[in-house]
Amino acid sequence: MIFQDNVLKEYLKNVYFVTGTPCGGKTTISRELANRHNILVYDIDEQFEKHQQVSNAAFQPAMNKKFKDADEFFLRTVDDYKKWLLDNTREQLDFVLLDLIRFSQNQIVLCDSHLTMEQAERITEPSRIVFLLKEPSNIIDDYCNRPDHQGFCDFINSASDVEKAKETCNATLRSLNEKYYWDIKESGYFWLERTPQSTVKETADKVERYFGLVNLL
């Protein structure tokens, strides 16, 4: 899909993006702010199956790739797994943008997303995006300990070699996020890093102030 950047930014002017690295707190903070202000949260991951149903394998091959079991999914090379994840994100973005344009016409929307800085630069202004970060190590253990990722946990634990599956998945996510993590820190974008001392209230307060949500609603 081809839109001029200024057109996208105008149509997405009511969308505020919460993005960053895995386990940085994107979903938690988005939902906290939504509860505070009674605004819509659009979670990209939750929309994947709906987008997959209306996708076309000729144009969205990664979104339509089938895996027979956890072994085929996890026990592949890091490069293959990484490319598939990146292609999925790129292919789904067209569907996401159409949804966001529709949903945000007359209301503010918080988008729980995973955007690259290049994508962020194209579709929104720096004042409407925050990056929530967590140092990218032991990501899979963090995922599996979350109630909302129980399906993922069950799937990876169904592999014939669970430790190898977790090792491959961790290596893939580290490869995707290590440079991203440092690039964001060195950029001009607003970012917050999750630490053992971080609280939901403190982080949500900072994001709320940055977005100016109290003044907008």
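**Helices to start with**

Q: How long should helix H2 be, and does its span agree or disagree with that?
A: H2 covers residues 26-37, and at 1.5 Å a residue its twelve residues should span 16 Å; the end C-alpha atoms sit 17 Å apart, which agrees. The expected span is 1.5 Å times one less than the number of residues. Helices here are DSSP runs of H or I with at least four residues, strands are runs of E with at least two, and both are numbered from the N terminus. By the way, this is a predicted model: local features need pLDDT of at least 70 and side-chain atom pairs count only at pLDDT 80 or more, while totals for chains, interfaces and linings use all residues. Residues are numbered from 1 along each chain as its sequence is written, and side-chain values use heavy atoms, with hydrogens and water left out.

Q: What comes just after H2?
A: Asn 38, with a positive phi of about 55°. Asn 38 belongs to the loop between H2 and strand E2 (40-43).

Q: Is Asn 38 buried or exposed?
A: Asn 38 counts as exposed, because its relative accessibility is 72%.

Q: And what about phi in general?
A: Most residues other than glycine have a negative phi. Cys 23 is another non-glycine residue here with a positive value, near 65°. You'll find Cys 23 in the loop between E1 and H2, and with a relative accessible area of 4% it is buried.

Q: What else is in that loop between E1 and H2?
A: Thr 21 is there. Thr 21 has a relative accessible area of 0%, so it is buried.

Q: Which residues is Thr 21 in contact with?
A: Leaving aside neighbours within four places in sequence, Thr 21 is in contact with Lys 26, Leu 132, Leu 133, Lys 134, Asn 177, Tyr 180 and Tyr 181. Contact means heavy atoms within 4.5 Å.

Q: New topic: the core. Which residues of the largest nonpolar core touch the most other members?
A: Of its 24 residues, those are Leu 12, Phe 17, Leu 100 and Phe 131. Strand E1 (15-20), H5, strand E3 (109-112), helix H6 (117-123), strand E4 (129-133) and H9 each supply at least two residues of this core. H5 gives the largest share, five residues. A nonpolar core is a set of buried Ala, Val, Leu, Ile, Met, Phe, Trp, Tyr and Cys residues joined through side-chain atoms within 4.5 Å.

Q: What does Phe 17 contact?
A: Outside the four places either way in sequence, the contacts of Phe 17 include Leu 12, Leu 100, Cys 111, Ile 129 and Phe 211. Apart from that core lies another one, of 16 residues, with Trp 84, Ile 139, Ile 156 and Ala 159 among them.

Q: Where does Tyr 189 lie?
A: In the loop between H9 and strand E5 (191-193). Its relative accessible area is 14%, so Tyr 189 is buried. Tyr 189 and Ala 120 are 69 residues apart in sequence and 9.9 Å apart in space, C-alpha to C-alpha. Setting aside sequence neighbours within four places, the contacts of Tyr 189 are Met 117, Ala 120, Glu 121, Pro 126, Ile 129 and Phe 131.

Q: And Lys 166, is that buried or exposed?
A: Lys 166 counts as buried because its relative accessibility is 17%. Its place is in helix H9 (residues 162-185). Beyond neighbours within four places in sequence, Lys 166 is in contact with Ile 140, Asp 141, Ile 156 and Asn 157.

Terms used
Buried < 20%, exposed > 50% of the residue type's maximum accessible area, 1.4 Å probe, protein only.
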